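The following exercises are meant to be worked with the sequence and the coordinates side by side.

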Amino acid sequence: MTSSSSSLQNLRVAIVGAGPAGIYAGSILTNSVQAAGGSVAIDLFESLPAPYGLIRYGVAPDHPRIKGIVGSLHEMLDAGTTRFIGNVEVGRDISLDELHERYDAVILATGAIRDAVLDIPGIDLPGSHGAADFVAWFDGHPDVPTEWSLDQREVAVIGNGNVALDVARMLAKHAVDLRSTEIADNVLAGLEASAVTDVHVFGRRGPADIKFTPIELRELGEVPDVDIIVHDEDFAYLEGVAPANNQLKVMLRILNSWRTREATGASRRLHLHFYHSPVEVLGEGKVEGLRFERTEPVGDGTVRGTGEFREYPVQQVYRAVGYYGTPVIDAPFDEKAGVVSNVEGRVNNSHTTGDIGAPLVPGLYATGWIKRGPVGLIGHTKSDAMETIAHLVADAEAGALPARTVDGDVLELLAERDVEFTTWDGWLALDAHERELGATHQHARERVKVVPRDEQVRVSRSGALVP
Ligand SMILES: Cc1cc2nc3c(=O)[nH]c(=O)nc-3n(C[C@H](O)[C@H](O)[C@H](O)COP(=O)(O)OP(=O)(O)OC[C@H]3O[C@@H](n4cnc5c(N)ncnc54)[C@H](O)[C@@H]3O)c2cc1C
Ligand SMILES: NC(=O)c1ccc[n+]([C@@H]2O[C@H](COP(=O)([O-])OP(=O)(O)OC[C@H]3O[C@@H](n4cnc5c(N)ncnc54)[C@H](OP(=O)(O)O)[C@@H]3O)[C@@H](O)[C@H]2O)c1
């Protein structure tokens with residue numbers, strides 16, 4: 001029997017998920033415990049062979065500046081106080097109970113990788129996709145097919161968030177303008193074969209209700225050989241309405257500038273439609289169109305249907321209506337919100353997050369998108385982690401963490417189970433390998449991602465000394 005950690009001495013903590021939330025949590029926990037004169041050993045479990053979550057498999061390849069955030073996350077992991085253990089899915093390769101036996105506390109940081117549901121007729125027709133699947137494809141995620149059909153001319157994107165912008169931009173952009181990015185070769189080949197000429201983006205509310213951000217919206221207007229088309233009728237309700245904040249003010253200025261911009265005769269067009277609520281994906285056996293009800297503002301930020309319906313002849317549909325959190329087997333999950341049930345990061349036994357009356361699960365915490373839902377930027381996961389870690393540290397100091405009952409290195413258990421886990425050294429080997437592939441590529445790039453999981457594991461494990 002191992003003793004309970006009723007203080008900050010010899011604390012052992014497992015973090016599940018090596019996205020930004022998990023990595024920030026590890027770093028902040030180390031700093032907090034060390035500042036209080038304590039000591040902590042942290043194991044960071046990740047189901048993919050490589051770290052960085054949606055920064056590697058969500059942020060678009062033509063956003064190298066954002067991808068560059070991994071530089072500071074790399075430093076946090078390289079400091080050696082958090083041990084990266086990749087290619088291990090908690091709930092499959094090792095259970096949550098087994099983590100509780102070996103660690104004083106477990107922090108869930110599993111983020112989100114799936115699309116939220118859009119429950120309209122026809123949404124499951126062939127040719128109707130979740131944005132998350134397309135994103136995973138263009139970012140070289142190992143668990144999605146390597147081929148993507150782009151032989152349609154007119155495609156629709158539903159949603160007015162930044163993911164919709166990413167998807168629309170990647171569909172409209174010519175492959176030649178992506179060559180210098182870290183895009184995988186199979187993705188470049190897929191985009192080179194694209195027949196897409198018209199991308200239609202539909203928001204169910206108005207231009208003043210968009211969830212885009214200014215830099216990303218402005219970027220849309222700078223894509224070479226793509227004309228942006230907006231419709232005057234969508235701006236009629238905005239007469240005399242003051243934008244709610246500065247960001248919206250800037251974005252309305254951008255949208256308005258596109259109303260008067262001359263079309264250049266570009267070979268591709270990106271159409272922005274507002275006040276279109278999706279009603280049905282049309283088609284027999286495959287997507288042939290999309291039906292919407294026109295909406296109008298009510299005055300409180302919401303809209304109502306007008307009873308006018310419109311149909312658009314599109315052959316492919318992408319729903320970018322939000323992501324949905326990744327549950328962990330045996331952890332309380334709020335199905336409706338798609339988050340682990342918690343109050344300020346302390347997981348509780350409830351099916352409704354924010355239910356402050358529900359009993360806490362001792363030693364179990366959540367942070368990042370799985371804690372508060374799939375909204376917010378990378379930087380927000382840092383403040384999230386600060387809140388969660390403050391509670392964990394307080395609980396440890398109060399002696400409120402349950403006793404761990406099993407000693408020994410978890411890597412021995414994983415090896416006994418023939419789990420081909422990857423390590424930090426393994427990531428350094430894979431990282432160096434991908435950079436080398438980029439440097440020697442015909443279009444010199446910072447890196448070329450290795451896509452297949454088994455190849456990532458092979459490079460990681462052969463390049464690193466696996467204990
Ligand atoms: C398409 C897209 C583009 C984005 N672009 C930007 C951008 O340009 N700038 C910006 O600031 N923000 C961007 N964001 C938002 C940003 O990605 C998120 O804020 C951030 O990634 C959330 O971090 P997280 O660690 O909570 O989750 P994630 O990044 O999703 O990381 C969760 C990790 O947990 C792992 N995991 C899940 N289940 C298990 C399990 N059972 N066992 C082990 N590991 C598990 C996953 O594999 C993953 O690596 C984007 C989001 C999306 C969807
Ligand atoms: N470059 C970047 O910085 C970047 C890139 C990608 C993602 N991100 C971030 O990642 C987070 C997630 O982005 P996201 O785009 O997935 O989510 P989001 O910002 O929440 O946007 C979701 C969009 O889907 C719409 N929607 C939801 N349900 C719908 C329905 N039933 N019918 C029609 N439309 C519906 C929403 O409309 P309503 O507004 O009407 O609800 C909204 O326009 C955001 O914080 C985003 O900023 C950042």
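**Exercise 1. Decide whether helix α7 is largely enclosed or open, and list its buried residues.**

Solution. Helix α7 spans residues 162-172, and because nine of its eleven residues are buried, it is largely enclosed by the rest of the structure. Here buried means under 20% relative accessible area, exposed means over 50%, and partly exposed lies in between, with a 1.4 Å probe and protein chains only. Helices are DSSP runs of H or I with at least four residues, strands are runs of E with at least two, and both are numbered from the N terminus. The buried residues of α7 are Ala 164, Leu 165, Asp 166, Val 167, Ala 168, Arg 169, Met 170, Leu 171 and Ala 172.

The model is predicted, so local features need pLDDT of at least 70 and side-chain atom pairs pLDDT 80 or more, whereas totals for chains, interfaces and linings use all residues. Residues are numbered from 1 along each chain as its sequence is written, chains are lettered from A and ligands numbered from 1 in the order in which they are written, and side-chain values use heavy atoms, without hydrogens and water.

**Exercise 2. Describe the surroundings of ligand 2 and its polar contacts.**

Solution. Begin with the shell, the residues with a heavy atom within 4 Å of the ligand: it holds 21 residues, and Asn 160, Asn 162, Arg 204, Arg 205 and Gly 376 are the closest. Helix α7 gives the largest share of this shell, three residues.

Next, take the polar contacts, which are pairs of N or O atoms within 3.5 Å. One oxygen atom of ligand 2 lies 3.0 Å from a polar side-chain atom of Asn 162, an oxygen atom of the ligand is 3.1 Å from a side-chain N or O atom of Lys 211, and at Ala 320 a polar backbone atom is 3.4 Å from a ligand oxygen atom. Taken alone, ligand 2 exposes 920 Å², of which the protein buries 82%, the areas coming from the Shrake-Rupley method with a 1.4 Å probe.

How values were computed:
Polar contact = N/O pair within 3.5 Å; in protein donor to acceptor, adjacent residues only side chain to side chain.
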